[in-house]
Structure formats: structure tokens, C-alpha cells
Amino acid sequence: MDEKKTSALFKLIKWCVKHFYPKIQAEGIENLPDEPVIIVGNHCQMNGPIIGELYVPGEPYIWCAGEMMNLKDVPGYAFRDFWSGKPRWTHPFYRLLSYMIAPLSVCIFNNARTIGVYRDTRILSTFKKTVKTLQEGKSVVIFPEHNVKHNHILYDFQDKFIDAAKLYYKKTGKELRFIPMYIAPKLKKLYLGKPIRFQAAEPMDAERSRICNYLMDAITGIAEALPEHTVVPYLNIPKKDYPSNISKENGNEKAGG
């Protein structure tokens, strides 16, 4: 990966975050192979990118919304993605805040280890940079949730990120592996699960479905096996509505023996 000059402001911000954000311990490091992988995790709002930058082993590169890297695009994207679900009477405040954070967002996301993700033809640059990063021996972290609820742990994964494995195979002849990751800020830990390997000979639609379903099931399984805790959801909803990692059905089964 080409070296880029890191701004002094970003270094200061990163230092502050590292010293004031709770230290996160990584579990399951033995599941990481001695080769680059794509690590796929729950977004849990801003916790995912922060933990990806500071605590995921190996200093991987992180997919991020390209809009957060462009000054004119930040306000609209930030309000829509972070705060549009807030009570309507608070919207003027959050619209103002979305403009105020724009310069800071551009500084952070253009200096961190990021790969911009776009919803137009620029997506080709996303995949090219992802494959180049993997070829250079660095892993990539992706948080593919979108606002369709999957279960009490996750929102559904958008599945096109799996296509990076196809392009990587064409470039290298290697079948890329994907690692499930569950981030539990309340436990101050991240958990890495068992990998799944891309099968290049299989139809792409089937591989997208197979790999995404495995990753969502694995992340859910990791979460449910942990001590009871509050899950930080993908959507920025009121904290009183945050779910528990123990579903009501599982809780009733345990209570009944």
C-alpha cells in the first residue's frame, strides 16, 4: 500500500481516542490464518470503525462510506445514516451537527486505514484497492449491515462485498477466506470466529448467499454464547431500546430448563 503523509490533527485525534476509548481485547486470534483475509463484523455504530482502526489484529484496512471522505457529501450522508431516526423535533440540531462534523470526518477518514465504498461506478475503485491491499499482505475489515433487521444481534448483510474474493482469485489464483467478527463494546472485547473459504468454482450468486449466511449465523452464535450483555445495534436508536444478546426465546428456554 502506498505510503501517505498522515496529518498532525489526525495523529492527535487518534491519540485522544486511544487514550479515552475503552481498551478492547481481541479473542480468537488463533482463527486468523497466515495470509490476508476479509474480516466481517457487526457495525455497532461508530464502535466498529474505531475498534477496526485501533484493536483488530494486523492493522487491516477498513471499508468506509466514500461520502464520509468528501466534504460536500458528509452532511447529507451523516444526517441520513446517523440521525434521521431521531425524534423529528431534534432534526434541526442534527442537521447543523452534520455540517459541523464534515471537516473532521474528511480529516479522519482520509488519514485512517480506509478504503472508500461508493454506490455508483466508483465501486470499481473500491474493489481494485481492496484486491491490491490483500495482494500486499494486509487484511480488510468490512461492516456490511444495512437497515433491514436480521435478528436481535444483526441487521442483514449487503452481499456484494463477496465479489472481492472473485477478483482476488482472478489476480492470484487463491481462494480468499472470510472471518466472522463480533464486537461487544459492553464487554470490551472483539471475538474472531472460524473462517469460511470462497469457492471459485461455484456460481457467484450461490457463494454470496452461502458466505453471508455463514457469517451472520457465526456472528449471532458467538454473541449468544457470551455472558448476557447489551448489544450495540447497527442503527442509532435510543439506548433504552438496545437489545440483549440473549433472545427472548433463548431466555425462556433457559428459564424453563
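Trainee: Which residues of α2 are buried?

Mentor: Buried means under 20% relative accessible area, with exposed over 50% and partly exposed in between (1.4 Å probe, protein chains only). In α2 the buried residues are N47, G48, P49, I51, G52, E53 and L54. This is a predicted model, where local features need pLDDT of at least 70, side-chain atom pairs count only at pLDDT 80 or more, and totals for chains, interfaces and linings use all residues. Residues are numbered from 1 along each chain as its sequence is written, and side-chain values use heavy atoms, leaving out hydrogens and water.

Trainee: Why is helix α2 described as largely enclosed?

Mentor: Seven of the eight residues of helix α2 (residues 47-54) are buried, so the rest of the structure largely encloses it.

Trainee: What do the buried residues of α2 pack against?

Mentor: Contact means heavy atoms within 4.5 Å. The partners are α1 (8-20), β3 (61-65), β8 (177-184) and β9 (189-192).

Trainee: How many helices and strands does the protein chain have?

Mentor: Both are DSSP runs numbered from the N terminus: helices are H or I with at least four residues, strands E with at least two. The protein chain has nine helices and ten strands.

Trainee: What share of the protein chain is buried?

Mentor: Of its 257 residues, 47% count as buried.

Trainee: And what share of contacts joins residues at least 24 apart?

Mentor: Among contacts between residues at least 6 apart in sequence, 69% in the protein chain are of that kind.

Trainee: What are the dimensions of the box that the C-alpha atoms fill?

Mentor: Along the principal axes, the box is roughly 55 × 50 × 35 Å.
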